[in-house]
Amino acid sequence: MIGSMLENEPAAARLPLLFLVADTGGGHRNAARAVGQALERMYPGRFAPALCDPLGGPGSARLLRFVAGLYGPATRLAPWLWGAAYHVCDSRAAMQVLRWALLRLADRPAAEAAEAHRPAAVVSFHPLTGSAAVAARALGAPGTPVVTVVTDLARMHAAWRYADSDVIIAPRHPGRGGWVAAGLPVTQDFWGGPLCGGERAILRRSLGLREETFLVLMTGGGEGSGGIAARTAAILRRFPDVDVVAVCGRNQRLKRRLDRLAASAACAGRLTVTGFTRHMADWLRACDLVVTKAGPGTIAEATCCGAPLLLTSHLPGQETGNTEIVTRAGAGRRARSVRRLLAEVDGLRRDRERTHAMRAASARLGQPAAAADIAALIAGLVTAAPPPAASMSYADGDTLTGAYTLGPAALGWEKAGAAPRAGAAGAAPAGQAGA
């Protein structure tokens, strides 16, 4: 889908950027939105990011749309099959075959988007759009820097490294030229950080939730995977003093099943069910515990809100290692079986001090300024000047300050063999951009 991320704004006065995403899960598009929001907050009126989905959006090849559409069913119904495909393709040789057989079909829609927008930079937020970003630069915007923003936490598939990007921004990297460390970007709803107890009570009232009960948030990412229905039913049966909010994402079958459960007499108003929601930050701040699979986007959002985590599963391959990051930090626990899940919920609802300790550890693990870090890096690239030292206001006078000192040389442009386009029309020097 090609279109501006900013509505009712004169695009002609802004420096265009092209963000490539794909809707396999919700994290890739959300990461792109987060960086776009941070650019607007830090450099108001300077940039015009546009989104393009070359895998499944309008104009994409029918075969690509079919393959992209398999992600949701595969991760929900046969995660072992997804894991096998992940590992089979996790090499440069395998990516060359995949590129020749399938991914080259994404070049045309990406190039058309580049020709339409003439971007100052092309940024890929998905492992399978990196090659399309390079092709878009070659066919529609010669000389434009290409940036890859990695949205995985512990493990990095070969697909992220396969394309010849000028800069790769990742939570963990080997320290070679052209690589930069930054956290996973979250949208502006999560920049405000956790709430105190009194604020959480007010938020619960506004959401129609009971203030005094132990509240569990069940989520499985954008695809609503991870056995949410069985775990929700087990918690409601076992604990009459626990309420549950279930976020089903795009999984309409799961939502219908839980809607029937919520309407039953046994639940008596204790279960709230929602589909794909733009109010995830409210649910995360209101809850006492998040029960989820170890998806990187959910972990990033939950820790920015200071929500304790109970991780029930992970997708083989791409989510391997995410649980260890959370548990080592003290921000969450592992509960693979329903029996273990019930034991953990029972212990946490009885021991609120332990819950508070996990909440504090979760907040320490969160990186709400990650989107600002990435936005400043991109701004520094396309204006050929180091980004400014910036302070961004997040909530009620609180500020998060980052020293954005990495310019093109520090990012390894010489080693990457490319240079950013200097003096682009409509761009002010990054050093003059206000926060």
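Predicted model: local features only at pLDDT ≥ 70, side-chain atom pairs only at ≥ 80, totals over all residues.
Okay, let's start with a term: contact means heavy atoms within 4.5 Å. Residues are numbered from 1 along each chain as its sequence is written, and side-chain values use heavy atoms, with hydrogens and water left out.

So, what does Phe-125 touch, if we skip its neighbours within four places in sequence? Its contacts are Phe-19, Leu-20, Val-21, His-28, Ala-31, Ala-32, Val-35, Val-149, Thr-151 and Trp-160.

Phe-125 also belongs to the largest nonpolar core, which has 65 residues. A nonpolar core is a set of buried Ala, Val, Leu, Ile, Met, Phe, Trp, Tyr and Cys residues joined through side-chain atoms within 4.5 Å; buried means under 20% relative accessible area, with a 1.4 Å probe and protein chains only. Phe-125 is among the residues touching the most other members, along with Leu-17, Phe-19, Leu-39, Ile-169 and Leu-217.

Now the strands, which are DSSP runs of E, at least two residues, while helices are runs of H or I, at least four, both numbered from the N terminus. Two strands pair if DSSP finds at least two bridges between them. Strand 5 (residues 146-149) runs parallel to strand 4 (residues 122-124), joined by 3 bridges, with Val-122 opposite Val-146. On its other pairing, 3 bridges link strand 5 to strand 6 (residues 167-170), also parallel, and there Thr-148 partners Ile-168.

Technical notes
Buried < 20%, exposed > 50% of the residue type's maximum accessible area, 1.4 Å probe, protein only.
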